[in-house]
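Subject: Structure handover

Hello,

I am passing this structure on to you. Please look through it first; my notes on what was found follow below.

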Amino acid sequence: MMESPCPPISDAEWPESIADMRDGFAGQLNVYRTMAHHPALLRSWAPLRQHLVKDSALGPDRSEVVILRTGHRLGSRYEWAHHVQRARALGFPDERIRAITAMPEGEDGLIVRAVDALFDHHRISPELEAQLASAIGREAIFDLIATVGFYSVLGGILLTYDTPVDRDIADALDARPL
């Protein structure tokens, strides 16, 4: 395996231009330590991350379904591992998490179909959009679309630079595999 040209940046190498971000979300995860190779992008990324991760109209449970399916579709080991742990912290049983890799029932299935439509057709059909609007609301649909885009970009970065799963997440999954 070739060494990544952009491994996660250590505290000692952290760029001065984003020094204020190191002790926040950006310094906590390898994905953002990798993005720190481009300080201006990481700084610009922060407000959208805040909205999609913390303030989304989807709410935390629906967001996790979107992110898990996106990580699964991308084949991103990093996103899958991290979001299995986040889903568990939200109280998702392992059966629900596993179902997201296939086609779950109910609202999770509706969300999974929407994620798949974005991957396969780059749009949500009018019929599926109407079902989603009825179930989760239009603002949540916008956030679903934006979340798939956001995590697709992150997945591209993670896969391109072979960013390692953070040690605490890897250890937790080793101790309790899905």
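Contact here means heavy atoms within 4.5 Å. With that cut-off, and not counting residues up to four places away in sequence, Gln-85 touches Ile-169, Ala-172 and Leu-173. Please keep in mind that this is a predicted model. Gln-85 has its place in helix α5. Its relative accessible area is 18%, and buried means under 20%, so Gln-85 is buried.

Helix α5, residues 77-89, also comes up in the packing of helices. In general, two packed helices are described by the angle between their axes and the distance between the axes. For α5 and α9, the axes come within 9 Å and cross at roughly 125 degrees. The two helices are therefore oblique to each other. On the α5 side the contact is made by Tyr-78, Glu-79, His-83 and Arg-86, and on the α9 side by Tyr-151, Leu-154 and Leu-158. Sorted by class, the contact of α5 with α9 has four nonpolar residues, two charged and one polar.

Next, the largest pocket. Its volume is about 340 Å³. The lining consists of 17 residues, and the closest to the pocket centre are Leu-29, Arg-49, Val-53, His-83 and Arg-86. Of these, His-83 and Arg-86 also take part in the contact between α5 and α9. Which helix gives the most to the lining of the largest pocket? That is α5, with five residues. Each of α1 (25-28), α2 (30-35), α3 (39-54), α5, α9 (138-160) and α10 (167-175) supplies at least two lining residues. By class, the lining has nine nonpolar, five charged and three polar residues.

Lastly, two backbone angles. Most residues other than glycine have a negative phi. His-122 has a positive phi, near 65 degrees. This residue is found in the loop between α7 (106-121) and α8 (126-136). Is His-122 buried or exposed? Its relative accessibility is 67%, and the cut-off for exposed is over 50%, so His-122 counts as exposed.

Asp-162 also has a positive phi, near 45 degrees. Asp-162 lies in the loop between α9 and α10. With a relative accessible area of 40%, Asp-162 is partly exposed.

Regards

Conventions
Residues numbered from 1 in each chain as written. Predicted model: local features only at pLDDT ≥ 70, side-chain atom pairs only at ≥ 80, totals over all residues. Heavy atoms only, no water. 1 Å grid on protein atoms, 1.4 Å probe; cavity = no way out; pocket = protein on both sides within 12 Å on 5 of 7 lines; lining within 4 Å. Points joined across faces, edges and corners; volume = space filled by probe spheres on them. Helix = DSSP H or I, 4+ residues; strand = E, 2+ residues; numbered from the N terminus. Nonpolar A, V, L, I, M, F, W, Y, C, P; charged D, E, K, R; others polar. Axes fitted to C-alpha atoms, helices over the stretch in contact; angles between N-to-C directions. Parallel < 35°, antiparallel > 145°, perpendicular 65-115°, else oblique. Buried < 20%, exposed > 50% of the residue type's maximum accessible area, 1.4 Å probe, protein only.
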